[in-house]
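Here is a short note to read alongside the model. Keep the structure open as you go through the points.

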Amino acid sequence: MELKINAKWSVFSMLITCKSKGIKFKLFLLLVTLIIPNLSYSQEFKMPESAVFDPLTKRYFISNFGDGNIIQIDSTGEKTYFKKGLSKLLGMLIYENTLYVVDNPKTIRGFNITDGSPKLTIEINEALFLNDITVDDSGFLYVTGSNTATVFKINIASQTYSLFVKTPDGPNGIIYDKSKNRLLVCYFKEKAPIDEINLEDSTISTLVSTEFTNLDGLTYDKEGNCYVSVWGPGSFETGYKKQGTIYKYDSLFKKEPEIASSGHYGPADIYFNIWKDELVIPSLLADSVEFLPLKHDCENTTNKP
């Protein structure tokens, strides 16, 4: 008997050669019994890009850029599909029991997190590469258009959108700063700044200049410190080194940033879980997601599910 199982791609290829048909039939039933119960564990991270957490059900949601699937992780660590077969998924957020996700290149989708039913589908015709998403206290969504140097504003109630602001370069990450009623955006470029956008008049200005190259995601902890993910030098044509770093800024952006974590391979849309004091880092190029319990001094350990 020869049994071949390619678990990496969740494709099971079985070749059974037996003289007795009865034995072959029983072996087949046994193999099906053993394999089928474990299929729920075969969900994989394929270029994971964004992460969010639902405190009510204690579930993480991870968006896969590589295969268009959303994977949910329960409190025991079991991974199952929440949604399958979308396009190239990027930024996500949860607002009022709805999971919103950027379905690149032009679409924003919303799903009820209880039953997965669709709640919103908006296609932004002017967009070429929608990237990250955030929400303000009034329930308006804001989405970055990386290839058009734009931020779009979405009215959830009316399911309409408008151009909110033109940015100096193509914005990547975006986050709502509740304390100052502003948006922060960062850029995937050399010496990338972090800009602030006033929600009252949509004016944009540089919050902090950096010497960092290729900024991706932004997130806040519950003390108001801001974290930014940095890929470092490279390109998708020539490649990147495993030197991605997460930097932590104080709430006023007055001090030099601290290194919260380093050695990542394409750290994407990071997320701080305020309920668990945990920084979640989807590593796009490593097909992995890291969960880092953080202390105030930035000491951490890494846990890869």
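1. Ground rules. This is a predicted model, in which local features need pLDDT of at least 70 and side-chain atom pairs count only at pLDDT 80 or more, while totals for chains, interfaces and linings use all residues. Residues are numbered from 1 along each chain as its sequence is written, and side-chain values use heavy atoms, with hydrogens and water left out.

2. The chain. The protein chain holds 1 helix and 27 strands. Both are DSSP runs numbered from the N terminus: helices are H or I, at least four residues, and strands are E, at least two. Of its 305 residues, 49% count as buried. Buried means under 20% relative accessible area, exposed over 50%, and partly exposed in between (1.4 Å probe, protein chains only).

3. Surface. The chain exposes about 15,000 Å², and carbon and sulfur atoms supply 53% of that. Accessible areas come from the Shrake-Rupley method with a 1.4 Å probe; for residues, only the protein chains shown count as cover.

4. Strand β23. Look at residues 244–249: 6 of the 6 are buried. G244, I246 and K248 point one way, and T245, Y247 and Y249 point the other way. In a regular strand the side chains alternate between the two faces of the sheet.

5. Its neighbours. Which strands pair with β23? Strand β20 (residues 226–230) runs antiparallel to β23, joined by 5 bridges. Here Y227 has K248 as its bridge partner. Strand β24 (residues 258–264) also pairs with β23 in the antiparallel sense, over 5 bridges. There, I246 is partnered by S261. Two strands pair if DSSP finds at least two bridges between them.

6. The largest pocket. It holds about 910 Å³ of space. Its lining has 38 residues, and I94, V135, I175, Y271 and F272 are the closest to its centre. A pocket is an open set of points on a 1 Å grid over the protein atoms alone, where a 1.4 Å probe fits, with protein on both sides within 12 Å along at least five of seven lines; lining residues have an atom within 4 Å of a point. Grid points are joined across faces, edges and corners, and a volume is the space filled by probe spheres set on the points. β3 gives the largest share of the lining, 5 residues.

7. The second largest pocket. Its volume is about 370 Å³. It is lined by 17 residues, with F129, N131, N172, F188 and F236 nearest its centre.
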